[in-house]
Amino acid sequence: MSSVGLCFLLFLSVTVCYWVPAGCYANGKVTKVCGSMEPHHGSSGQTGQSPYRLITNTTVFSPGDDILVTLSGSSYFEGFFLQARDATSQSSVSAVGTFILTNPAKTQLLTCNNQQDSAVSHTSDARLTEVIVMWNAPKDAPSAVQFFVTVVAHYKTFWVKQPGPIIYQHGVTPHPPQPTTTTTEAPTTTPSILPGPFTAEGCGLWKTCLLDPPGCDPKEELHCFFLSMTTVGLDKTSVMFELSGPAEGYLSFALSWDTWMGNDDVYSCVKDGNRVSVNAAFVSGRTHPEDESQSALSLVSWRLADGAIQCKFNRPAKLSSQERYDLDQEYFLFLASGRAVQGKLLKHSRQPLISTTKKRITGPPEILKGSRGPVILKMHGALMLLAWMLTGSVGTFIASFYKPDWPNQTLFGQKVWFQVHRALMMVTVTLTIVAFCLPFFYRKGWSKHAGVHPYLGCCVLALALIQPIMAAFRPSPDSHSSTGIK
């Protein structure tokens, strides 16, 4: 590559380093919980008095009226979910009427029960202290309508389906509302504290283990990532999982049909203050876990010590839920760790450890091997290294210092040094193109969390492609009109 090209690449490298792309989450599209109004955040809602209140500007209405509904509180909140329901039928989960936004930048309309604009939620996790919307009464409105709201102060702190005011049609005599009861699914067990660290003893004998680094023991080494699976009972109706490793916020493992993240059954141990929350979830893509729940887990216990998170739980081998995978099938195992803020999982800090082969969870005990570097990304790095540290460098070196050699010898009609130089540079460009494409095949698109690396890769590819284009217009090495090096 010419000195001008190298200088241009250096300039782009310095410039792009200041560009750090950002992402956002918590978009409020929570139509999955239209009925229960309960966030799938891996914990139960608060049972104490809510600091938020819901009011309307009137207590009576007629079909077609617009009613002002205000949600406010003594402290800020990060999310909410608002609906109107038939107050005469306490068991009804169908939304009534439609809403009109007054601040589309912070609120959005949702479709519940196939009824468009029948619910309102937040658009981001920006802090709010007040939300005002309009509710339009339908022509077939019931005689009494009650508003309900779920408010999320933080990821793990929320109040579910808080009853709001009841409004009545003109001519209807108000009556005391029937007490509403919300049933919360009780956890199967109360989590307990583990008496001590796990041990790698028995790996391959009576339990299957995945270790990083290979051969480590969580009892002796603080930086050992450890996952074990032990079948329970002669008929293998359940499996006991043990998970341990150094982490600031969470440890998790996933059952996956392939080595790509997405459509995975995930189990997480999340540090929440001085305790650990253990839950199961589902990951539909490269997103946050969804539908977090503890209902499938039993005999849950955990431990925090020396910067490590450890948790242990049992899970039935077969479950009716479609989002929980049966354990008598073969899966790749993912093991990841990262930070968590108020119980909310952030992107894992390292490339996940992925088992090199599939494993039937209820199968014979064995010690699994894993890797944090997918083969396709290793090929990307190897090809780039080969292109620019070997073929590209050697090709440039030959063009600079070997022109006087073999002065009277030619190869396919051109001087030897030129043919060798051209061949090496063509190989360099080819390797660069192949290496550039591999991460896109792996990520199935652009990576939003790789920092400046993808941008620098685009610059390198562009400069590599410019070289053969310039060479096509360059005079031959023996041309008298050439202004280049003779």
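This is a predicted model: local features need pLDDT of at least 70, side-chain atom pairs count only at pLDDT 80 or more; totals for chains, interfaces and linings use all residues.
Which residue in strand 8 is the bridge partner of isoleucine 67? The partner is tryptophan 135.

Residues are numbered from 1 along each chain as its sequence is written, and side-chain values use heavy atoms, with hydrogens and water left out.

**The open sheet**

Strands here are DSSP runs (E, at least two residues), as are helices (H or I, at least four residues), and both are numbered from the N terminus. Two strands count as paired if DSSP finds at least two bridges between them. Strand 3 (residues 66-77) and strand 8 (residues 128-136) are joined by eight bridges and run antiparallel. They belong to an open sheet of four strands, in the order 1-3-8-5, with antiparallel pairing. Strand 1 and strand 5 (98-101) stand at the edges with a single partner strand each, so one side of each has no neighbour in the sheet. From one strand to the next, the twist averages 25°; the axes behind such angles are lines fitted to C-alpha atoms, for helices over the stretch in contact, and angles run from 0 to 180 degrees between N-to-C directions. As a general point, strands of a sheet pair through backbone hydrogen bonds, either parallel or antiparallel.

**The disulfides**

A disulfide is a pair of cysteine sulfur atoms within 2.5 Å, and by this rule there are four. Three of them are set out here.

| Cysteine pair | S to S distance |
|---|---|
| cysteine 34 and cysteine 112 | 1.9 Å |
| cysteine 216 and cysteine 224 | 2.0 Å |
| cysteine 269 and cysteine 311 | 1.6 Å |

Burial needs its own cut-offs: buried means under 20% relative accessible area, exposed over 50%, and partly exposed in between (1.4 Å probe, protein chains only). Cysteine 34 and cysteine 112 are both buried, and their link is left-handed, with -70° about the S-S bond. Cysteine 216 and cysteine 224 are both buried too, but their link is right-handed at 60°.

For cysteine 269 and cysteine 311, the torsion about the S-S bond is about 40°, so this disulfide is right-handed. Cysteine 269 lies in strand 16 (residues 264-272) and cysteine 311 in strand 20 (residues 308-316), so the pair ties together parts that are 42 residues apart in sequence. Cysteine 269 is buried at 1% relative accessible area, and cysteine 311 is buried at 0%.

What about cysteine 458? Its sulfur is 6.9 Å from the closest cysteine sulfur, in cysteine 459, which is too far for a bond.

**The salt bridges**

A salt bridge is a side-chain nitrogen of Lys or Arg within 4 Å of a carboxyl oxygen of Asp or Glu, and the structure holds seven. One of them joins aspartate 265 to arginine 315, with the closest N and O atoms 3.5 Å apart. Aspartate 265 lies in strand 16 and arginine 315 in strand 20, so the pair ties together parts 50 residues apart in sequence. Aspartate 265 is buried at 0%, as is arginine 315 at 1%. Asp265, Arg315 and Arg324 are linked in a network of salt bridges.

Lysine 318 is exposed, at 52%. Lysine 318 forms a salt bridge with aspartate 326 at 3.7 Å and another with aspartate 328 at 2.8 Å. Aspartate 326 is partly exposed at 24%, and aspartate 328 is partly exposed at 27%.
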